[in-house]
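Open the model in your viewer and keep the sequence panel beside it. The tour moves by selection, one stop at a time.

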Amino acid sequence: MNQALLEQQLAELPLYSYAFLSPQELEFSDRIRWICEHECPMYGKSWACPPGVGAVESCKRKCQSYKNCLMIATITEVTDISDITETLSTRFDHEKVTNQVRDLMRQQGIEPYVLSTEACNQCPRCAILDGESCRMPERMHPCVESHGINLLGIIEEQGLAFQYGENVVTWFSLLFY
């Protein structure tokens, strides 16, 4: 992959930041998965969420089977950060940028494994609910947390501000290649 070309292209996108990482640097934790299981209403309802994505250990092996990882972040201002509906509605703009980055990598012959913010909304009803395989695995991006990845350490190590401002939402994606 031509990283210099990709960085030129990334500079043209509405990214707050990006960083190239080794997947070995990421922290995988069952504690993060516990949050999915006990606090997320999508648990068990999508192939992009646990338990559909597999155990944390298998997610870790998959991610660490790649040599490189690109972490991207976008920020969006909302009128009230405590309004979860408004906050979650900004996810779609981040997903659009994530898909643009994925497509830039594909143009260079790289097929990244993408983790983002999704609980997947590609189908009106997820096939997992009917005991069927995912209908669109090439379009589905499991969420970072579904894999048990704790980004806080990497965010701090990269010097990024996670809490950018009172009413600013920060979204992250990881593209493994």
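How do the residues of the lining of the largest pocket divide into nonpolar, polar and charged? There are 24 nonpolar, 7 polar and 5 charged. Here Ala, Val, Leu, Ile, Met, Phe, Trp, Tyr, Cys and Pro count as nonpolar, Asp, Glu, Lys and Arg as charged, and the others, Gly among them, as polar.

Before selecting, note that this is a predicted model: local features need pLDDT of at least 70, side-chain atom pairs count only at pLDDT 80 or more, and totals for chains, interfaces and linings use all residues. Residues are numbered from 1 along each chain as its sequence is written, and side-chain values use heavy atoms, with hydrogens and water left out.

**Stop one: the largest pocket.** Its volume is about 1100 Å³. A pocket is an open set of points on a 1 Å grid over the protein atoms alone, where a 1.4 Å probe fits, with protein on both sides within 12 Å along at least five of seven lines; lining residues have an atom within 4 Å of a point. The volume is the space filled by probe spheres set on the points, which are joined across faces, edges and corners. Select Leu88, Thr117, Cys143, Glu145 and Trp171: of the 36 lining residues, these are the closest to the centre. Next, colour α2 (30-39), α4 (84-89), β5 (149-150), α6 (152-157) and β6 (168-176), the elements that give two or more residues to this lining. β6 gives the most, with 5 residues. Helices (H or I, at least four residues) and strands (E, at least two) are DSSP runs, numbered from the N terminus.

**Stop two: the second largest pocket.** About 300 Å³ of space lies here. Select Lys62, Tyr113, Pro137, Met140 and Pro142, which lie nearest the centre among 18 lining residues. The largest share, 3 residues, comes from α3. By class, this lining has 9 nonpolar, 4 polar and 5 charged residues.

**Stop three: a helix pair.** Show α1 (residues 3-10) with α5; their axes are 11 Å apart. Select Leu6, Gln9 and Leu10 of α1, then Val101, Leu104, Met105 and Gln107 of α5, to see the contact (heavy atoms within 4.5 Å).

**Last stop: a proline pair.** Select proline 50 and proline 51. A cis peptide bond joins proline 50 and proline 51, with omega about -5°. Proline 51 lies in the loop between α2 and α3.

Definitions and conventions:
Axes fitted to C-alpha atoms, helices over the stretch in contact; angles between N-to-C directions.
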